[in-house]
Amino acid sequence: MDALLHIVQTINEYLSNYVLIFLLIGTGLVFTIRTRFVQVRFFGEGMRRVFGGFSLNGGRHTSGMSSFQALATAIAAQVGTGNIVGACGAILVGGPGAIFWMWLIAFLGMSTNYAEAVLAQKTRTVDADGSVHGGPVYYIRSAFKGAGGKFLAGFFSVAIILALGFMGSMVQSNSIASTINTAFGIPTWAIGALIVLVAGFILIGGIQRIASVTEKLVPVMAVIYLVGGLVALIMNAHEILPAIGLIFECAFNPDASIGGVTFGIIAALSQGAKRGLFSNEAGMGSTPHAHAMANVKDPHDQGVTAMVGVFVDTFVVVTMTALVVISALYVGDGALTVDATGLAAGINKTNMAQYAFSEFFGTGFGNAFVAICLLFFAFSTILSWNLFARLNVEYLFGKKGVMPFFVIALAFIFLGSLLSNDLVWELADMFNQLMVLPNAIALIALSGTVAACVNGRKSKSLAEIHAEDEE
């Protein structure tokens with residue numbers, strides 16, 4: 001296990017430090033420039049489309065999902081352990097400055113996610129029975145004809161099945177089991193078995209049942225976490241500005257030191273890129289599967305909706321986690337708790353948020369609050385990731401491959417509650433980063449199609465959006 005962990009860590013180091021940073025930032029810059037800052041010009045329209053007709057009951061659809069159900073399914077994938085455990089891991093290894101780079105990746109990623117949703121809509125197919133098929137494999141094949149496109153699409157499908165269907169779900173169940181065990185002392189195997197039973201019941205109901213669950217679960221879980229975080233920040237209001245200042249200082253100061261630990265710019269940038277990808281998933285190729293299912297008149301409509309998912313994920317949820325953790329553990333009196341001694345005493349990325357919230361709510365309630373929030377975050381992610389992986393299983397093997405995948409995926413969910421956290425995370429990181437390669441290449445190749453979809457448009461008012469919906 002130690003030898004495997006070392007190998008995977010070495011691969012991840014090269015991918016995140018020398019490939020991923022340039023590819024993610026480069027792809028985001030391409031779409032930001034070619035769409036003339038779509039994430040700024042159409043941000044208001046995206047918010048109006050999401051919240052203008054907000055409902056927790058989108059109903060059943062004979063084909064696909066409603067636009068909000070697709071967004072909720074995408075956000076369910078985005079808002080998971082990456083927003084709590086991932087953000088804490090970025091801070092722990094890269095310092096508070098990693099959060100700034102997560103913000104930058106997310107800002108650029110909003111335009112990338114717009115492109116993914118638009119292309120997923122444009123290249124999706126609908127069978128005679130109403131089944132919708134869409135996602136990166138379809139726009140990869142559209143970008144590259146012949147054997148090359150077929151290879152890249154197959155490579156992506158294998159990577160996403162391993163990344164999300166198997167390794168990624170292990171990360172989610174591992175984090176759930178670990179935090180629940182810390183808060184309530186329940187054995188991890190028992191938690192894993194319960195997750196398998198509940199997830200299995202929902203997943204076997206197919207797309208419609210998943211959409212029905214995520215559209216209700218995602219808004220509720222986000223509000224609960226944000227309210228708790230807001231209460232913690234109010235209790236520690238005098239440390240908010242120093243916490244924000246520390247984020248910017250550590251992002252640009254190569255000699256930034258806290259509690260005897262020095263955080264360099266490269267470490268902050270690397271962790272920000274890696275954890276930013278795992279958190280908002282822009283450019284990774286996961287969320288386009290959900291956006292392809294949306295029943296909208298124009299691909300642009302789902303594109304601007306998709307941008308809201310990245311915004312909520314990083315600028316709202318991750319920022320809340322970061323401010324609570326940094327204000328509690330890195331500034332003021334709490335700064336002394338995160339040094340070499342503090343880390344040796346047991347602070348790690350899995351329990352760091354619990355430790356921070358306990359500073360405000362007490363150990364018992366603080367541990368329980370984070371554990372329950374993480375349970376809903378990670379569980380919803382398991383549902384969405386399983387759906388995305390299953391769609392790629394169908395692409396590779398047809399419907400006959402779905403049931404074997406379903407059984408193996410549930411086994412991995414259970415195993416994730418038992419295995420080493422470091423190895424699980426490193427494996428998930430590796431396959432997540434491998435997914436980016438064919439997806440980003442295809443996105444850039446089709447950037448002209450995306451630019452043609454958005455340039456020349458004007459942001460629509462809420463009245464115009466409602467009029468379109470009535471038509």
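Predicted model: local features only at pLDDT ≥ 70, side-chain atom pairs only at ≥ 80, totals over all residues.
**Entry 1: helix 4 and helix 10**

I began with helix 4, residues 67-78, and helix 10, residues 206-235. I noted that two packed helices are described by the angle between their axes and the distance between the axes. For helix 4 and helix 10 I found an angle of about 70° and axes 8 Å apart. That makes helix 4 roughly perpendicular to helix 10, since angles of 65 to 115 degrees count as such. I also looked up the handedness of the crossing of helix 4 and helix 10, which is left-handed.

Next I listed the residues that meet. Helix 4 brings Phe 68, Gln 69, Ala 72, Thr 73, Ile 75 and Ala 76. Helix 10 brings Ala 211, Thr 214, Glu 215, Val 218 and Pro 219. Sorted by class, the contact of helix 4 with helix 10 has 7 nonpolar, 3 polar and 1 charged residues.

**Entry 2: helix 3 and helix 14**

I then took helix 3, residues 43-51, and helix 14, residues 299-329. At what angle do helix 3 and helix 14 pack? I read off about 90°, with the axes 8 Å apart. Helix 3 and helix 14 are therefore roughly perpendicular to each other.

From helix 3 I wrote down Phe 43, Glu 45, Gly 46, Met 47, Arg 49, Val 50 and Phe 51. They meet His 300, Asp 301, Val 304, Thr 305, Met 307, Val 308 and Phe 311 of helix 14. I counted the classes in this contact of helix 3 with helix 14 as 8 nonpolar, 3 polar and 3 charged.

**Entry 3: Thr 319**

I stayed in helix 14 for Thr 319. Is Thr 319 buried or exposed? Its relative accessibility is 14%, so Thr 319 counts as buried, the limit being under 20%. Not counting residues up to four places away in sequence, Thr 319 touches Trp 103 and Thr 314. I also checked Thr 319 against Phe 252: the two are 67 residues apart in sequence, and their C-alpha atoms are 18 Å apart in space.

**Entry 4: aromatic rings**

I found 19 aromatic pairs in the structure. One of them is Phe 166 with Phe 405, a tilted pair with 5.7 Å centre to centre and 40° between the planes. This pair links distant parts of the chain, as Phe 166 is in helix 8 (residues 146-184) and Phe 405 is in helix 18 (residues 402-416), 239 residues apart. Phe 166 and Phe 405 are both buried.

I compared this with Phe 365 and Phe 369, whose ring centres are 6.4 Å apart with planes at 25°, so the pair is stacked. Planes under 30 degrees apart count as stacked. Both residues lie in helix 17 (residues 363-397), 4 residues apart, which is about one turn of the helix. Phe 365 has 51% relative accessibility and so counts as exposed, whereas Phe 369, at 10%, counts as buried.

Which residues form one aromatic cluster with Phe 365 and Phe 369? I listed Tyr 225, Phe 357, Phe 361 and Phe 377.

**Entry 5: Thr 27**

I ended with Thr 27, which is in helix 1, residues 2-34. With 4% relative accessibility, Thr 27 counts as buried. Leaving aside neighbours within four places in sequence, I found Thr 27 in contact with Phe 22, Thr 112, Ala 440, Leu 443 and Ile 444.

Definitions and conventions:
Residues numbered from 1 in each chain as written. Heavy atoms only, no water. Axes fitted to C-alpha atoms, helices over the stretch in contact; angles between N-to-C directions. Helix = DSSP H or I, 4+ residues; strand = E, 2+ residues; numbered from the N terminus. Parallel < 35°, antiparallel > 145°, perpendicular 65-115°, else oblique. Left-handed = near helix turned anticlockwise from the far one by under 90°. Contact = heavy atoms within 4.5 Å. Nonpolar A, V, L, I, M, F, W, Y, C, P; charged D, E, K, R; others polar. Buried < 20%, exposed > 50% of the residue type's maximum accessible area, 1.4 Å probe, protein only. Phe/Tyr/Trp six-rings, centres within 6.5 Å; stacked < 30°, edge-to-face > 60°.
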